[in-house]
Amino acid sequence: MPTTTAHPERRGAPPLPAAIYLLGLCIFAMATSEFMVAGMMPSLASAFHASLAEVGNLVSAFAASVVVGGPLLTWRLRAVRRKPALLGLLAVFLIGQLIGATSDGYPQMLASRIVCGVAQSAFFGVALALAGELVGMDRIARAAGMVLNGLMLASVAGLPMATLLDRHWGWRPAFWLVAALVGLAMLGIAAAAPAGDKPAGQEAGVEWRALARPALWAAYLSSGLIIGAVFAVFTYLAPLLLRVSGFSPAMVPLLFGVYGAATVLGNLVTGRLADRHTRRVLQGGVLTLLLVMLALALGAQWQALAVAGVCLLGLAGLPMNPAMVARVVRAGGTGPMVNSLHMAVVNLGLMFGAWAGGLCLDAGWGLRAPLWLGAALALLAWLSLGLDRRGDSWQAKVRPVDVSV
């Protein structure tokens with residue numbers, strides 16, 4: 001396993017290993033499973049004789065299991081080689097997906113969401129640990145960007161695909177299709193991923209020391225605030241475009257498609273830049289978010305500005321993930337627990353942003369209120385980036401033991 005110290009990526013660097021792309025496929029399948037419930041809420045409510053609020057709780061249950069269950073399962077897997085751990089987690093996720101596909105009542109579907117959420121969170125941590133082993137610290141952001149591109153593609157392609165299947169053939173085929181994708185990913189991981197060394201006996205101690213570092217929690221704080229800002233706005237973007245910007249209902253899916261394409265493009269760009277320019281990518285991205293949210297809060301009634309805002313939100317929001325991952329692993333190493341907790345923090349930010357944005361609307365402050373909230377969170381995120389000033393681009397000199405977890 002490489003024990004490289006951080007240094008800029010050379011020109012002509014070798015291509016990423018095939019296993020990185022397979023990990024991206026896994027994340028695509030898992031994220032599609034997470035997102036698609038929101039796109040088929042009426043069908044699930046009808047099938048299970050449940051209210052829309054109860055079906056919405058399925059989404060919350062998935063996120064809550066990511067936050068709570070994922071780190072606990074990751075800790076239990078700390079002594080297992082990466083490849084067997086990944087295959088085991090994919091098997092658990094597949095079981096959860098099959099429970100969902102064959103559900104004939106709300107309790108089974110709820111169990112499906114909890115099982116899948118726990119497996120996804122732990123898989124994220126182990127997958128980024130394996131990515132760090134395969135490429136070294138100098139290319140961790142690029143590798144993380146490729147793995148996380150599965151998340152972006154799930155919103156662009158996976159969610160519309162599942163919604164289309166639900167509209168024409170019902171909700172079950174989408175669950176079966178995701179199960180098939182997970183099975184295909186398992187075969188790919190089994191064939192192409194290296195087994196990896198057995199984690200060293202001191203790994204648990206190394207991770208615990210990493211989790212005690214203030215720099216790591218500063219990075220976690222920034223990540224949670226950034227994602228909170230994004231989802232405070234994104235969650236309520238559709239009504240803003242309809243009622244404030246005045247777009248027709250037929251235009252809103254097209255605008256979301258533009259947003260999704262911008263996230264994929266932005267993720268590819270930041271994945272290549274974040275290894276060498278972590279600080280600048282984060283500072284530039286957060287500042288862009290802040291300015292865009294302020295501009296939309298003041299001028300969302302102008303359609304041209306709204307379109308430009310949607311594009312910039314896509315380019316500078318979720319695509320900061322590779323830079324956030326690079327900052328986290330340089331502060332705490334590439335251990336599964338460090339990365340699983342990072343995913344938990346990101347989901348907490350997501351849940352808080354969406355919840356707080358809803359509170360603003362319930363308080364009667366209008367559809368622009370989530371934009372002001374998002375701007376406030378983005379400002380806090382920008383300020384939080386100054387909590388760790390070590391190194392030019394958070395590429396401090398790190399001992400090999402710290403990056404080989």
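Modeller: Happy to! L287 is partly exposed, at 40% relative accessible area; buried means under 20%, exposed over 50%, and partly exposed lies in between (1.4 Å probe, protein chains only). L287 sits in helix 12, where helices are DSSP runs of H or I with at least four residues, numbered from the N terminus.

Biologist: Before we go on, what kind of model is this?

Modeller: A predicted model: local features need pLDDT of at least 70, side-chain atom pairs count only at pLDDT 80 or more, and totals for chains, interfaces and linings use all residues. Residues are numbered from 1 along each chain as its sequence is written, and side-chain values use heavy atoms, leaving out hydrogens and water.

Biologist: Which residues make the nonpolar surface patch?

Modeller: L287, L291, L379, L380, W382 and L383 make a patch of about 560 Å². Helix 16 (369-384) and helix 12 (278-299) each supply at least two of its residues, and helix 16 gives the most, with four.

Biologist: What is V118 in contact with, leaving aside its neighbours within four places in sequence?

Modeller: Contact means heavy atoms within 4.5 Å. On that basis V118, in helix 5 (residues 106-135), touches S65, G69, G70 and L73.

Key. Patches are made of residues with over 30% relative accessible area and no salt bridge: like charges are joined within 9 Å, nonpolar side chains (Val, Leu, Ile, Met, Phe, Trp, Tyr) within 5 Å. Accessible areas come from the Shrake-Rupley method with a 1.4 Å probe; for residues, only the protein chains shown count as cover. A salt bridge is a side-chain nitrogen of Lys or Arg within 4 Å of a carboxyl oxygen of Asp or Glu.
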